[in-house]
Amino acid sequence: MDLAFAVVSWACIMGGLFFMIVGSVGVLRMPDVFTRLHAAGMTDTLGAGLIILGLCFQTVSGIVDGETSYWFVLIRLVLVDAFLTFTSPISTHALARAAIAGGVEPWTKEEAEGA
Amino acid sequence: MDDRVILRIGAKILIPFILLFALYVQFHGDYGPGGGFQAGVIFAAAFVLYALVFGLGNAVKVLPPQAVYVCGALGVMIYMGVGFVTMALGGAFLDYNVLAPDPTHGQHYGILAVELGVLVTVFGVMVALFYAFAGRRRLDL
């Protein structure tokens, strides 16, 4: 049982780290504001979300072993994930709106071929 | 204004939780990380978010600048008031031991009251600073 929890939890954490790395590479390599925002938004929702899910499995494994105080840790993890799920897309949306309002032209394929 | 619906709904959902989190940081300050300064800044951040999303005019209606200035002074008064209360009860200035029959509880009450003063002052000064900067006209260079 412990092994199953450990495997699932580490799979989730490694998946979250993978999305974090992909998002970081995207922020560095994408051509303009909007594509970079797309990459950065992914690290916060999917990357952090999967890592928190993996940590949830760790605490559940502790609860199964009889550590009742881990319930509070689990509740906090769920709350953190809920707030990240709310705030991260909203802030990405606000940044994209601000970029549009500031007159940033979205990058297009023609532009890349012309340059 | 209808095209900003995502920001408006998001702010409406989040602001109560930000205020609640500020109070958690405030009253959890004697057991964990936190205290009056951090709680005051978080409390002010909720109003700054409101002003950013709903406009400075609406924010000033919710929290008039006069109230903010009163908050800034009121917190200092609470802090000093605790000191004078302890003096009136026979102790030194800000000697919390005399606030309750048991010195341990006295220290607890005293720190809570003083931290409340810090919260009120930091909140007032932060929002006053934000109003002062946000109320300035944009310079046409």
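Analyst: A helix is a DSSP run (H or I) of at least four residues, and helices are numbered from the N terminus. The model discussed below is predicted.

User: Which residue just after H2(A) takes a positive phi?
Analyst: Helix H2 of chain A covers residues 33-64. Just after this helix, a positive phi of about 100° is taken by Gly66(A).

User: How far apart are the end C-alpha atoms of helix H2 of chain A, and what span should its 32 residues have?
Analyst: The expected span is 1.5 Å times one less than the number of residues. For the 32 residues of H2(A) this should give 46 Å, and the distance between the end C-alpha atoms agrees, being likewise 46 Å.

User: On which residue is the kink in H2(A) centred?
Analyst: The helix axis bends by about 30° at the kink. Several residues of H2(A) are buried, among them Gly47(A), Leu50(A), Phe57(A) and the residue in question. The kink is centred on Thr43(A).

User: Against which helices do the buried residues of H2(A) pack?
Analyst: A residue counts as buried if 20 or more other C-beta atoms lie within 10 Å of its own. The partners of the buried residues in H2(A) are helix H1 (2-29) and helix H3 (70-101) of chain A.

User: What is the radius of gyration of chain A?
Analyst: Chain A holds 4 helices and 0 strands, running α-α-α-α from the N terminus on. The globule rule gives 13 Å for 115 residues, and chain A is well over this, so it is more spread out than a compact globule; its radius of gyration is 19 Å.

User: What percentage of the residues of chain A count as buried?
Analyst: The C-alpha trace of chain A spans about 65 × 25 × 15 Å along its principal axes. Of its 115 residues, the buried share is 11%.

User: Which element of chain A has the lowest mean pLDDT?
Analyst: Chain A has a mean pLDDT of 88, with 97% of its residues at 70 or more. Where pLDDT is low, the predicted coordinates should not be read in detail. The highest mean among the elements of chain A is 92, for H1(A), and the lowest is 71, for helix H4 (residues 109-114) of chain A.

User: What is the radius of gyration of chain B?
Analyst: Chain B comprises 5 helices and 0 strands, in the order α-α-α-α-α. For 141 residues the globule rule gives 14 Å, and chain B is well over that value, so it is more spread out than a compact globule; its radius of gyration is 18 Å.

User: Is Leu94(B) buried or partly exposed?
Analyst: Leu94(B) lies in the loop between H4 and helix H5 (103-134) of chain B. Although it is not a glycine, Leu94(B) has a positive phi of about 60°. Leu94(B) has 15 C-beta neighbours inside 10 Å, whereas a buried residue needs 20 or more. Leu94(B) is therefore partly exposed.

User: What distance separates the C-alpha atoms of Val85(B) and Leu99(B)?
Analyst: Val85(B) belongs to helix H4 (residues 65-88) of chain B. Val85(B) is partly exposed, with 16 other C-beta atoms within 10 Å. Val85(B) and Leu99(B) are 14 residues apart along the chain, and their C-alpha atoms are separated by 8.3 Å.

User: How many charged residues are on the side of chain B that touches chain A?
Analyst: The contact between the chains involves 5 residues of chain B and 5 residues of chain A. On the chain B side, these divide into 4 nonpolar and 1 polar, and the number charged is none.

Conventions. Residues numbered from 1 in each chain as written. Chains lettered and ligands numbered in written order. Predicted model: local features only at pLDDT ≥ 70, side-chain atom pairs only at ≥ 80, totals over all residues. Helix = DSSP H or I, 4+ residues; strand = E, 2+ residues; numbered from the N terminus. Rg over C-alpha atoms; globule rule 2.2 N^0.38 Å. Bend = angle between axes of the 7 residues up to and from the residue. Buried ≥ 20, exposed ≤ 12 C-beta atoms within 10 Å, placed from the backbone. Contact = placed C-beta atoms within 7 Å. Nonpolar A, V, L, I, M, F, W, Y, C, P; charged D, E, K, R; others polar. pLDDT = per-residue confidence, 0-100.
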